[in-house]
Amino acid sequence: MNVLANSELWASTLALAIPIAYAALGGVMSERAGVVNVALEGMMATGAFAAVAVSAWSGNAWLGVLAALLCGALLSMLFAWATVYLRADHIVTGLAINILATGATGFLFNALYGPLGTPSNTPSLPRWVLPGIDQIPFLGKIVGHHEALVYLFFALLIALAWIFRRTATGLRWRAVGENPKAADAAGVPVLRVKFWAVVSAGAVAALGGASLSIGSLNSFSPHMVAGRGFIALAAVIFGAWAPLGAFLASLLFGFATALAFQLQSVSNIAKNLLLMLPYLVTVLALAGLVGRTSPPAADGQPYDPGR
Amino acid sequence: MRGVRLLWPLLAILIAFAVGGLLTWAFGHDPFSAYGALISGSLGSGYAISTTLTDALPLMITGLAVALSFQSGLFNIGASGQYWLGAIVAVWLGYSLKLPTPLHLLVCLLAGALAGALWAALIPGLAKAFRGANEVITTLMMTYVATYLGHYLIEGGPMQAPGYTPQSPHLLPSAILPNLVSGTQLSVGIFLAPLLAALTWFLLSRTRLGFSLRISGYNPRAARYAGVRPVVAILAALGLSGALAGLAGAVQMMGVDHRLFDSFGTSYGYTGIVVALLARNNPFGVLLAALLFGVLSSGANAMQINAGVPFHLVDVIQGVIIFFVAAEGLMRYLRLRSGGNS
């Protein structure tokens with residue numbers, strides 16, 4: 001059990017949870033507005049690629065983050081347009097976006113970088129040290145120094161929770177996901193609110209991709225997202241469609257991944273069996289919990305103002 | 001309306017090729033020579049056509065798997081995982097059992113189907129039926145588990161062949177599907193595709209079980225009134241879908257690969273989805289749609305070699321096709337815009 005006493009395990013739990021947590025936050029933003037977002041995986045892939053490409057091209061990792069935000073938002077506009085205005089099936093469209101994003105990033109990756117892959121001198125995001133906090137024994141090692149997007153996540157989490165609970169925007173946002181008809185009657189422009197909710201969700205999910213590609217590493221490979229978008233979707237459900245809940249659920253999946261890595265060095269269980277862990281934990285979490293939380297009332301239903 | 005239903009997928013294909021052409025052009029290649037290389041590489045010779053059919057076969061069967069689940073109102077997006085389970089079990093029995101040819105083939109195929117069925121029904125199916133767990137997530141998660149299982153088995157696990165290469169032993173000759181066109185990889189497995197399509201069609205539209213599945217997919221509440229037990233419908237739909245996907249893996253191993261090696265991926269499930277949606281979940285349409293993707297797949301390498309366009313262009317084309325198929329409402333929207341009534 002001394003694996004659990006190793007601060008490195010907990011530090012990497014946090015680091016590995018953050019990409020999922022960004023996507024999960026995007027999932028909450030989208031589903032609270034009533035759009036089921038299976039496209040998180042594609043948003044992450046897009047963000048991961050855009051971040052690396054622009055960071056390598058400009059020499060500035062922050063421009064890479066900006067590019068991820070923009071590309072995530074753009075791809076999400078396509079998704080939002082189809083689901084909100086064309087009333088296309090959310091799941092089918094989401095899968096389509098994933099296939100499109102995987103294909104496009106794979107194509108661009110090969111067209112731009114060829115077999116050598118992304119340049120090795122691509123700048124990655126800075127690691128920030130929290131002065132004072134990093135000196136606290138044990139805890140300091142866990143939360144004291146991480147890449148910048150880890151800390152920015154918490155700012156975003158607090159901002160979003162505040163928007164949801166305390167602002168008129170948050171009220172409209174939740175209203176269109178719970179009861180679009182009533183929102184419509186109250187004068188809320190339902191379709192527009194849904195559209196921008198989904199677009200901003202895509203931007204946030206793409207940040208998760210960026211933290212994956214230029215956060216801890218500084219490279220991109222076509223299958224690097226590896227189902228994290230779907231794990232994030234599970235985190236949304238497990239976290240009962242709340243920002244904080246989604247983050248805590250992401251921590252659970254981050255822990256499963258971190259544990260799999262740690263156990264590789266201290267146990268003689270085969271690597272490939274350990275790597276199944278986060279995926280199995282996701283299935284178990286869904287099977288064990290669902291039914292006790294419920295989605296926003298109009299989640300997944302296209303809204304037709306004419307009816 | 002029926003005309004529109006057929007027209008729209010064709011239009012989606014055209015738009016996708018146009019987008020692909022633009023992308024090719026934007027990267028400094030000639031789109032016409034790229035598509036020329038693609039066509040001649042996939043249909044230009046007997047060998048090319050055999051390769052196209054070989055590539056289309058697993059897509060036909062996984063496409064049927066996905067279509068069956070979609071028609072039942074369930075999103076089995078983990079066909080890849082069930083495919084690999086079928087592949088693993090078929091290979092294992094294919095090199096370890098000693099049986100006369102026809103029996104050995106039958107045992108391997110059926111065991112592959114059974115493995116795929118269990119992989120889909122046992123965990124995602126039961127979790128959905130009794131706990132309401134979203135099958136979109138669980139079936140995909142089980143795909144990753146399946147690929148790691150495959151890696152484990154041949155990288156130091158119980159199925160690794162003697163030596164250092166991560167691969168399983170070769171199948172015994174009695175477990176190999178006979179070759180159809182010598183000098184190519186096309187096996188008699190290709191005849192299974194129309195047979196399975198006909199069976200799927202018969203099951204869905206001519207049997208009581210198929211009716212229960214479709215009504216559950218169309219309207220779960222009506223299904224309950226009609227006396228369909230949701231648990232049974234879910235397990236049957238995912239189990240049958242998984243069986244088809246598992247069979248696809250078995251056929252691929254017994255007809256083409258002849259052993260497990262490090263080729264585990266998740267792409268069959270995704271392409272299966274594209275195939276099913278493009279075909280509007282019609283079993284015979286699935287055969288045609290898979291043929292199109294067989295052309296894209298076998299022509300892609302020729303396109304990369306002869307025109308210098310990365311074969312990932314094919315994935316972009318797939319993505320665009322499927323986006324437009326999904327955004328079918330676009331048609332209605334455009335018509336409203338132009339003032340017509342629909």
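**Figure 1. Contact between the two chains.** In this predicted model, 44 residues of chain B and 48 residues of chain A make up the contact. The size of an interface is often given as the accessible area lost when the parts come together. Here chain B and chain A bury about 4,000 Å² between them, and 82% of that area lies on carbon and sulfur atoms. Three residues, B:R131, B:Y148 and B:F323, supply 17% of the area that chain B buries against chain A, more than any other three residues.

**Figure 2. The side of chain B that touches chain A.** The elements giving two or more residues to this side are α5 (101-131), α6 (135-154), α11, α13 (313-326) and α14 (329-337) of chain B. Which element gives the largest share? That element is α6(B), with 12 residues. By residue type, the side of chain B that touches chain A divides into 32 nonpolar, eight polar and four charged residues. Across the interface of chain B and chain A there are five residue pairs in polar contact, both residues of each pair being at pLDDT 80 or more. The number of salt bridges across this interface is zero.

**Figure 3. A salt bridge in chain A.** Side chains of opposite charge can pair when their charged atoms come close. Over all chains, the count comes to two salt bridges. One of them joins A:R87 to A:D304, with the closest N and O atoms 3.5 Å apart. This pair links distant parts of the chain, 217 residues apart: A:R87 is in the loop between α3 (61-85) and α4 (90-113) of chain A, and A:D304 is in the segment after α13 (277-289) of chain A. A:R87 has 29% relative accessibility and so counts as partly exposed. A:D304 counts as buried because its relative accessibility is 18%, and the cut-off for buried is under 20%.

**Figure 4. A salt bridge in chain B.** The side chains of B:K128 and B:E135 form a salt bridge, at 3.0 Å from N to O. B:K128 is partly exposed, with a relative accessible area of 23%. Is B:E135 buried or exposed? B:E135 is buried, because its relative accessible area is 4%.

**Figure 5. Two loop residues with positive phi.** A:W241 is not a glycine, yet its phi is positive, near 60°. A:W241 is placed in the loop between α10 (228-238) and α11 (243-266) of chain A. With 6% relative accessibility, A:W241 counts as buried. In chain B, B:H258 is also not a glycine and has a positive phi of about 65°. B:H258 is found in the loop between α10 (230-257) and α11 (267-278) of chain B.

Notes:
Residues numbered from 1 in each chain as written. Chains lettered and ligands numbered in written order. Predicted model: local features only at pLDDT ≥ 70, side-chain atom pairs only at ≥ 80, totals over all residues. Heavy atoms only, no water. Helix = DSSP H or I, 4+ residues; strand = E, 2+ residues; numbered from the N terminus. Buried < 20%, exposed > 50% of the residue type's maximum accessible area, 1.4 Å probe, protein only. Salt bridge = Lys/Arg side-chain N within 4 Å of Asp/Glu carboxyl O. Contact = heavy atoms within 4.5 Å. Buried area = accessible area lost by both parts, 1.4 Å probe. Polar contact = N/O pair within 3.5 Å; in protein donor to acceptor, adjacent residues only side chain to side chain. Nonpolar A, V, L, I, M, F, W, Y, C, P; charged D, E, K, R; others polar.
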